[in-house]
Amino acid sequence: MIVDLVTWLGISEPNLRGPGVQGVLNFLGIFLTGTLAATAWLIKQTLVRRSNANDLRHALYAEIKAHWYVLEVWEDKQALLEAMAKEFEKDETYSPYFSFFLEPDVYASNVHRLHDLANDEIRPVVRYFHQLAIARAFASDLRGESYLKFKKERREILAQRMVETLFQLKVMAEAAMDVLENKASIPYTERYREKQRTWR
């Protein structure tokens, strides 16, 4: 086969066939070595990227879950709205206090790495942190002096919208955790076991 290749290349003189065969063998050796090296590099990069993606999943999951623990305290939206309405009715100057979450450091410092995640992970994670930014800004507005100057009816409407925003945030947190749990092979029940240990 190698001799046929040498002949095909136009090397027909007997005294040149030996070196021609040797040259072809050298070329094939270099080609195979390069191919194997490139394949090994690609496999290594794939494994590294997969490992990095899994580390990112666990980090984002931990940050979202920390927020979710706080949101889980509010389980009955209607009861919360009714209790708030009673406070507004009793006190004309009532202003509910909404504490806002800290800056999401893990997400903020890893935005440039989101491309390591699958598309079906990126969407719910980005949606959650976008909603979190809205909730943080909203909570800050409700602490401002301009809010306190509004009439009671307007303050109550804004407070109700804040509650709605937080419950939407809770739903989005659960959606993001669901997909991260699935991709990182985290048991669904783990979030509840850790919650019980945390608050016990």
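**Note on a helical model**

1. With a relative accessibility of 0%, L180 is counted as buried, because the cut-off for that class is under 20%. L180 belongs to helix α7, which spans residues 152-184. Leaving out neighbours within four places in sequence, the residues in contact with L180 are R57, L60, Y61, I64, E121 and V125. The C-alpha atoms of L180 and L117 lie 9.7 Å apart, although the two residues are 63 positions apart in sequence.

2. The overall composition should be noted next. The protein chain contains eight helices and zero strands, so that its pattern along the sequence reads α-α-α-α-α-α-α-α. Of its 200 residues, 32% count as buried. Among contacts between residues at least 6 apart in sequence, 76% join residues at least 24 apart.

3. The confidence of the prediction requires attention. The average pLDDT of the protein chain is 78, and 67% of the residues score at least 70. Helix α5 (residues 119-141) has the highest confidence, at a mean of 93, whereas helix α1 (residues 2-8) has the lowest, at 51. In residues 40-48 the pLDDT is below 50, and beyond near neighbours in sequence this stretch has zero contacts in the model. Where pLDDT is low, predicted coordinates should not be read in detail.

4. Residues 40-48, with pLDDT below 50, fall within the numbering of helix α2, which is given as residues 14-71.

5. Y128 lies in helix α5 and is buried, its relative accessible area being 0%. The C-alpha atoms of Y128 and I64 are separated by 8.5 Å, while 64 residues separate the pair along the chain. I64 is also among the contacts of L180.

6. Is H67 buried or exposed? Its relative accessibility is 9%, and H67 therefore counts as buried. Setting aside residues up to four places away in sequence, H67 touches F101, Y128 and L132.

7. Helices α5 and α7 pack with their axes 9 Å apart, at an angle of about 155°. The two helices are therefore roughly antiparallel, since an angle over 145 degrees is placed in that class. The crossing of α5 and α7 is left-handed. Their contact comprises 18 nonpolar, three polar and five charged residues.

8. Helix α7 also meets helix α3 (residues 77-90); the two axes come within 11 Å and cross at roughly 160°. α3 and α7 are therefore roughly antiparallel to each other, and their crossing is right-handed. On the α3 side, the contact is made by K77, L80, L81, M84, A85, F88 and E89. On the α7 side, the contributors are K152, R155, E156, A159, Q160, V163, E164 and F167. By class, the residues of this contact divide into eight nonpolar, one polar and six charged.

9. As a summary for the reader, α7 is roughly antiparallel to α5 and also to α3. The crossing with α5 is left-handed, whereas the crossing with α3 is right-handed.

How values were computed:
Residues are numbered from 1 along each chain as its sequence is written. This is a predicted model: local features need pLDDT of at least 70, side-chain atom pairs count only at pLDDT 80 or more; totals for chains, interfaces and linings use all residues. Side-chain values use heavy atoms; hydrogens and water are left out. Helices (H or I, at least four residues) and strands (E, at least two) are DSSP runs, numbered from the N terminus. Buried means under 20% relative accessible area, exposed over 50%, partly exposed in between (1.4 Å probe, protein chains only). Contact means heavy atoms within 4.5 Å. Axes are lines fitted to C-alpha atoms, for helices over the stretch in contact, and angles run from 0 to 180 degrees between N-to-C directions. Angles under 35 degrees count as roughly parallel, over 145 as roughly antiparallel, 65 to 115 as roughly perpendicular and the rest as oblique. A crossing is left-handed if the near helix is turned anticlockwise from the far one by less than a right angle, and right-handed if clockwise. Ala, Val, Leu, Ile, Met, Phe, Trp, Tyr, Cys and Pro count as nonpolar, Asp, Glu, Lys and Arg as charged, and the others, Gly among them, as polar. pLDDT is the predictor's confidence in each residue, from 0 to 100.
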